[in-house]
Amino acid sequence: MRFGLWILLFCAFIVYTWFVYAQCDTSCKAPHPSGKELAGWQLWQSRNCQVCHQLYGLGGFMGPDLTNTASERGKGARYMSGIIKYGTGRMPNFHLSDSEVNNLVSFLTWVDKSGKNRVPPEFVTWTGNYNISN
Amino acid sequence: MQHHHRLYIVSSLILLIATLVFGMLASWAFLYPLTYNSIFPFYQARPFHVSAALFWIITGATACILFFKKEVLPSPSGALAGKVFVYTWLASILAVFVCYSFRLFGGREYWEFPPVLCLPILVSWVFLAVSWFAPFAKVRGRKPLYMWMWSTGIFFFLLTFVEQNLWQIPWFRLSYLREITVQWKSNGAMVGAWNQMIYGTSLYLMVKISGDEQMARSRSAYFFYMLGLTNLMFNWGHHLYNVPAAAWIRDGAYLISMTEWIFLIRMIHGFRTTLRESKRLQHLISYRFIIAAEFWVFMNLLLTLAMSIPAINRYTHGTHITVAHAMGATIGINSMILLGAFSWILEADMLKIRIRKAIAVSYWGAQISLAAFWLSLIAAGIVKAYRTTALNITSFQEVMAPVTSILKVFNLLGVGLLISLGTIAFIYLRRALRFTPAPVATIPAQHASPKTRIVRAKENELAQ
């Protein structure tokens with residue numbers, strides 16, 4: 001009986017997992033990543049940017065969340081390139097080449113297209129849940 | 001104690017000490033980047049700390065399972081696989097730290113080492129699974145709950161570890177939302193997996209201390225196990241509430257997370273019994289750690305329940321409240337249970353009175369430091385949440401200015417944790433290096449049952 005319940009729960013988990021994989025992003029706001037964007041993503045990991053920065057609030061707190069920096073007023077691609085290329089007082093200079101900087105900026109611009117990081121207050125419903133329209 | 005058991009317990013205690021030392025260095029690197037960036041930058045220090053912490057918890061949990069396995073599954077099958085697991089697992093951890101030393105990264109959050117190292121970790125875990133499930137499958141009849149919990153933990157760690165590496169398949173990277181959803185689904189479930197291993201150990205200890213096997217066979221125990229399993233499988237969505245993925249993921253996670261109220265109500269309901277038992281058994285070092293873990297489960301449940309409500313999560317997400325949640329769980333719950341189990345394995349109650357006093361002082365030092373440490377993180381989180389979400393300040397420097405002052409207090413409290421937990425870890429490390437359990441034949445008859453630790457501990461106290 002108990003093992004049967006376990007199996008039932010596990011089957012539900014498998015079905016749910018499949019749905020998560022296949023259906024979690026139905027909006028498809030951002031197009032499939034190009035080679036440049038994928039290379040930037042790889043660089044994001046190999047330089048361990050996630051330790052200090054966040055994307056969608058996930059990551060370290062040493063530096064700012066970068067989800068929507070590409071589209072933020074007064075910031076954008078040129079601003080990001082400058083910071084990445086030379087570092088700041090808190091952020092070390094990683095001595096990246098121009099093409100690496102471009103790839104990283106492309107990756108962050110692609111992430112920016114996937115959605116907004118902040119949930120506006122009007123999206124919160126009476127149940128305490130959100131109603132985020134893709 | 002077999003050589004590989006001793007090596008494994010010693011290694012997990014070294015990992016605990018490494019966690020504390022690297023945690024201290026990482027917090028200095030965070031606060032004083034201009035000094036540390038050229039020596040030991042934060043992007044290098046934090047992986048050392050986080051990986052040491054993860055490996056301490058997983059190694060500690062599996063060390064307990066491997067040690068208690070010879071009591072609950074005496075069949076020799078799987079013994080060789082267990083040994084192979086110990087050596088390959090430890091070699092993989094060593095390789096991870098070597099990579100970090102050369103600033104070689106490439107993995108995802110919390111597992112930041114080059115992904116090729118996931119292979120030996122995976123292989124070693126398969127050996128652990130063989131070593132556990134080979135004798136487990138031979139046991140006939142109803143098995144006690146802790147055996148189910150250990151099995152669940154081992155199985156789901158394997159599953160979630162594979163899932164965590166799916167990002168290496170190009171299809172998962174075609175959508176950023178899919179990639180992070182899958183990543184945090186597996187991260188969340190993996191925490192549930194090691195919690196099953198650790199809570200299973202806690203239950204096993206409670207059964208041994210009380211001598212009441214019914215605790216691991218009752219209907220209510222199975223009910224809470226099933227509820228925990230449901231949460232392991234489906235309660236990971238709070239990491240992703242603000243991600244604009246499909247709404248049903250958020251709705252489902254919110255619904256499942258509210259079942260955690262049942263755990264909270266049970267804790268409040270059983271408070272008197274817990275208090276009575278803790279007064280009766282407080283002289284047992286292992287029991288004291290279990291009680292501390294109970295307290296931290298309660299505190300963390302309150303925090304988790306709040307964070308599971310999207311309207312509150314909107315404020316807490318991406319702040320130090322999340323860190324408080326993680327620290328409360330890993331130090332307050334996981335580490336306390338593991339130290340309780342190590343106290344039992346290494347017979348800490350048999351230590352000299354002077355050393356036991358040092359453990360008692362360090363124990364209270366750790367609880368007080370952790371409480372202040374936890375509250376300071378919550379305070380930092382509240383300030384950050386208020387400035388970011390309520391005041392809508394967009395400049396990162398402006399948001400962080402008052403937060404940094406609180407983090408300096410947090411840093412000082414970390415020294416308290418380093419000293420207190422470090423002292424306990426060091427005492428156990430020395431004990432583990434020399435420890436030889438008393439042969440069963442030399443234990444007086446009245447001490448032969450598992451319950452007798454209580455009697456033996458009292459006798460030891462009187463003798464000294």
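## Basis of the description

Two residues are taken to be in contact if their C-beta atoms, placed from the backbone, lie within 7 Å. This is a predicted model, in which local features need pLDDT of at least 70 and side-chain atom pairs count only at pLDDT 80 or more, while totals for chains, interfaces and linings use all residues. Residues are numbered from 1 along each chain as its sequence is written, and chains are lettered from A and ligands numbered from 1 in the order in which they are written.

## The contact between the chains

Chain A brings 48 residues to the contact and chain B brings 52 residues. On the side of chain A that touches chain B, at least two residues each come from α1 (2-23), α2 (35-46), β2 (58-59) and α4 (98-113) of chain A, where helices (H or I, at least four residues) and strands (E, at least two) are DSSP runs numbered from the N terminus. The largest share of that side, eight residues, belongs to α1(A).

Sorted by class, the side of chain A that touches chain B holds 25 nonpolar, 19 polar and four charged residues; here Ala, Val, Leu, Ile, Met, Phe, Trp, Tyr, Cys and Pro count as nonpolar, Asp, Glu, Lys and Arg as charged, and the others, Gly among them, as polar.

## Chain A

Chain A contains four helices and two strands, which follow the pattern α-α-β-β-α-α along the sequence. Its radius of gyration is 19 Å, well over the 14 Å that the globule rule gives for 134 residues, so chain A is more spread out than a compact globule; the radius is taken over C-alpha atoms, and the rule is 2.2 Å times the number of residues to the power 0.38. The C-alpha trace of chain A spans about 65 × 35 × 30 Å along its principal axes.

Of the 134 residues of chain A, 33% count as buried, a residue being buried if 20 or more other C-beta atoms lie within 10 Å of its own, exposed if 12 or fewer, and partly exposed in between, with C-beta atoms placed from the backbone. Among contacts in chain A between residues at least 6 apart in sequence, 56% join residues at least 24 apart.

## Chain B

Chain B has 17 helices and zero strands. Its radius of gyration, 22 Å, is close to the 23 Å that the globule rule gives for 464 residues, so chain B is as compact as a globular protein of that length. The C-alpha trace of chain B spans about 70 × 50 × 45 Å along its principal axes, and 48% of its 464 residues count as buried.

In the loop between α16 (396-434) and α17 (453-463) of chain B lies Thr436(B), which counts as exposed because it has 7 C-beta neighbours inside 10 Å.

Helix α6 (residues 145-164) and helix α8 (residues 219-234) of chain B pack at an angle of about 10°, with their axes 11 Å apart; the axes are lines fitted to C-alpha atoms over the stretch in contact, and angles run from 0 to 180 degrees between N-to-C directions. The contact of α6(B) with α8(B) has nine nonpolar, one polar and no charged residues.
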